[in-house]
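Here are my notes on this model, point by point. Please read them with the coordinates open.

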Amino acid sequence: MHIQKSRTQTLNANQATPPNALIHFYFFFCTLRNVFVGPANNSFGQGAESEVSFGELDGSAMRIGIIRTRWNDEAVSRLVSGIKEGLKECKVAEDNIFETSVPGSFELPLAARFLSLSGTVDAIITCGVLIKGDTYHFEYIADAVSKGLMNVQIQTSTPIVFGVLTCENESQVKARSTDPNNHGRDWGKTAVEMGLLRTEAMGGKSGGKDAGLGAVGLGGEKPINDKKGGSGFF
Ligand code: DLZ
């Protein structure tokens, strides 16, 4: 909106071309660019399109954990639906999807750590929405959450998907949490791909202290349970 307005004003001042013709030319140009080059990453709320491709993923033996926030409940629920579609496309059984919630994004890293150490899942998808406000909360929380989740996955060797939208406004959230650009779908597939990678790296086992990397001291921290579907909070 802002770009369009200032561009029109500048061209009006130059009096070189009628503004309507220029606007039409701009949209024609955008269409051509989208077809031949791909979409631009601008502030119209676009740039929401997926830019990653996935091969055939067989997640039929994968157990996936979803930890979602109750903050921004509507958008997060849409993203979780997208995640489940992505998992379904990778043949993950409904029974193998564990879901729980935390209040806000700030709580995601610790909950991810608990779930990872339970030894009950092959990969975890964290899901939340952070919207920039008038204070510094956005910067503090976004930074802490992204670093926290990276730490958890490195320390525990459990893939953690960063399914947290960090947006300027509601329209950016909507563009990224509704079809056809619901980012959840990619997050589901990412979890399966990384879960399979982990299993392969562990020597074909789904985690546990005796698995491949664990045997050479690279398995991260010891899980609380070695069995899937273990007791306790998870
Ligand atoms: C406090 C807060 C604010 C202002 N905004 C968001 C948000 O946009 N998205 C989100 O997931 N959580 C938000 N929170 C809550 C914090 O993440 C956290 O739950 C509280 O600070 C308690 O630790």
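1. Start with Pro180. This proline sits in the loop between α6 (170-177) and α7. The bond to check is the one joining Asp179 and Pro180, which is a cis peptide bond with omega of about 5°. Most peptide bonds are trans. Keep in mind throughout that this is a predicted model.

2. Two backbone angles also deserve a look. Most residues other than glycine have a negative phi. Lys91 is not a glycine, yet its phi is positive, at about 65°. Its place is the loop between α3 and β2 (97-102).

3. Ser157 belongs to the loop between α5 and β4 (160-167). With 19 other C-beta atoms within 10 Å, Ser157 is partly exposed. The cut-off for buried is 20 or more.

4. Next, the overall layout. The chain has 8 helices and 4 strands. Read from the N terminus, the order of elements is α-α-β-α-β-α-β-α-β-α-α-α. The chain has 234 residues, and 36% of them count as buried. Take the contacts between residues at least 6 apart in sequence: 76% of these join residues at least 24 apart.

5. Now the helix packing. Two packed helices are described by the angle between their axes and the distance between the axes. How do α3 (residues 73-89) and α7 (residues 184-201) compare on those terms? Their axes come within 6 Å and cross at roughly 45°. That angle makes α3 oblique to α7. The crossing is right-handed.

6. Which residues of α3 and α7 meet? On the α3 side they are Leu79, Val80, Ser81, Gly82, Ile83, Lys84, Glu85, Gly86, Leu87 and Glu89. The α7 side supplies Gly184, Arg185, Asp186, Trp187, Gly188, Lys189 and Val192. By class, this contact of α3 with α7 holds 6 nonpolar, 5 polar and 6 charged residues.

7. A second pair is α4 (residues 108-117) with α5. Here the axes come within 8 Å and cross at roughly 15°. The two helices are therefore roughly parallel to each other, since angles under 35 degrees count that way. α4 passes α5 in a right-handed crossing.

8. α4 contributes Leu108, Pro109, Ala112, Arg113, Ser116 and Leu117, while α5 contributes Val145, Gly148, Leu149, Val152 and Thr156. They divide into 7 nonpolar, 3 polar and 1 charged.

9. Last, the ligand. It is surrounded by 15 residues, and the closest are Trp71, Pro103, Gly104, Ser105 and Phe106. Two elements give two or more residues to this shell: β3 (123-131) and α5 (137-156). Which element gives the largest share? That is β3, with 4 residues. By class, the shell has 7 nonpolar, 7 polar and 1 charged residues.

Methods. Residues numbered from 1 in each chain as written. Predicted model: local features only at pLDDT ≥ 70, side-chain atom pairs only at ≥ 80, totals over all residues. Near = placed C-beta within 6 Å. Nonpolar A, V, L, I, M, F, W, Y, C, P; charged D, E, K, R; others polar. Axes fitted to C-alpha atoms, helices over the stretch in contact; angles between N-to-C directions. Parallel < 35°, antiparallel > 145°, perpendicular 65-115°, else oblique. Left-handed = near helix turned anticlockwise from the far one by under 90°. Contact = placed C-beta atoms within 7 Å. Buried ≥ 20, exposed ≤ 12 C-beta atoms within 10 Å, placed from the backbone.
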